[in-house]
Amino acid sequence: MEKLRKIVSALINPETILYLVFGVLTTAVNIGLYGLLREALHWPLMLSNTLAWVASVLFAFLTNKTLVFRSKSFEKKLLFKETVLFFAARLFSLGVDSLGMWIWVGVCHGNDWAAKITMNVVVIVLNYILSKLFIFKKKG
């Protein structure tokens with residue numbers, strides 16, 4: 001029972017709750033912009049997906065840095081490091097997202113909305129792990 005409590009407290013804490021809240025908002029930015037570009041403007045799948053990603057990553061960086069992981073320092077060296085690592089990790093997750101979209105929609109001819117939502121769940125989990133372990137890790 002004690003092991004279960006430790007697991008629950010590791011998963012349910014202010015940081016993970018904030019990450020989920022801002023993850024949902026980041027996803028809303030991503031999906032909302034994707035819908036506008038793809039459905040309203042009839043832009044191509046991959047262009048819509050990539051532009052939606054760029055906007056959501058900018059939003060995510062600001063909220064993750066200041067509100068979730070509370071990396072308040074804007075000292076140039078640290079800010080540069082965090083920015084480079086954050087965008088590198090997000091480029092990796094963009095690749096995962098795009099590959100999933102391409103396989104699901106382009107190869108398997110599945111529904112692009114089902115693919116988009118599913119891939120966003122995968123990306124949220126992947127991004128949390130990368131942010132927690134490599135980008136905004138606490139010193140000491």
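Reader: What do the buried residues of α5 pack against?
Author: The buried residues of α5 pack against α2 (14-40), α3 (45-68) and α4. Contact here means heavy atoms within 4.5 Å, and buried means under 20% relative accessible area, with exposed over 50% and partly exposed in between (1.4 Å probe, protein chains only). This is a predicted model, where local features need pLDDT of at least 70 and side-chain atom pairs count only at pLDDT 80 or more, while totals for chains, interfaces and linings use all residues. Residues are numbered from 1 along each chain as its sequence is written, and side-chain values use heavy atoms, leaving out hydrogens and water.

Reader: Which residues of α5 are buried?
Author: They are Asp-112, Ala-115, Lys-116, Met-119, Asn-120, Val-123, Asn-127, Tyr-128, Leu-130, Ser-131 and Ile-135.

Reader: What caps the N-terminal end of α5?
Author: Asn-111 does, with a side-chain oxygen 2.7 Å from the backbone nitrogen of Trp-113.

Reader: At what angle do α4 and α5 pack?
Author: Helix α4 (residues 76-107) and helix α5 (residues 112-135) pack at about 155 degrees, their axes 9 Å apart. Axes are lines fitted to C-alpha atoms, for helices over the stretch in contact, and angles run from 0 to 180 degrees between N-to-C directions. The two helices are therefore roughly antiparallel to each other, a label for angles over 145 degrees.

Reader: And what residue classes make up the contact of α4 with α5?
Author: The residues divide into 17 nonpolar, 5 polar and 5 charged. Ala, Val, Leu, Ile, Met, Phe, Trp, Tyr, Cys and Pro count as nonpolar, Asp, Glu, Lys and Arg as charged, and the others, Gly among them, as polar.

Reader: What about α3 and α4, at what angle do they pack?
Author: The angle of α3 and α4 is about 145 degrees, and their axes are 10 Å apart. By class, that contact has 14 nonpolar, 5 polar and 4 charged residues.

Reader: Different topic. How many helices and strands are there in the chain?
Author: The chain has 5 helices and 0 strands. Helices (H or I, at least four residues) and strands (E, at least two) are DSSP runs, numbered from the N terminus.

Reader: How much of the chain is buried?
Author: Buried residues make up 35% of the 140 residues.

Reader: Last one, Val-8. Where does Val-8 lie?
Author: Val-8 lies in helix α1 (residues 2-11). Val-8 counts as partly exposed because its relative accessibility is 40%. From Val-8 to Asn-127 is 119 residues in sequence and 20 Å in space, C-alpha to C-alpha.

How values were computed. Parallel < 35°, antiparallel > 145°, perpendicular 65-115°, else oblique. Polar contact = N/O pair within 3.5 Å; in protein donor to acceptor, adjacent residues only side chain to side chain.
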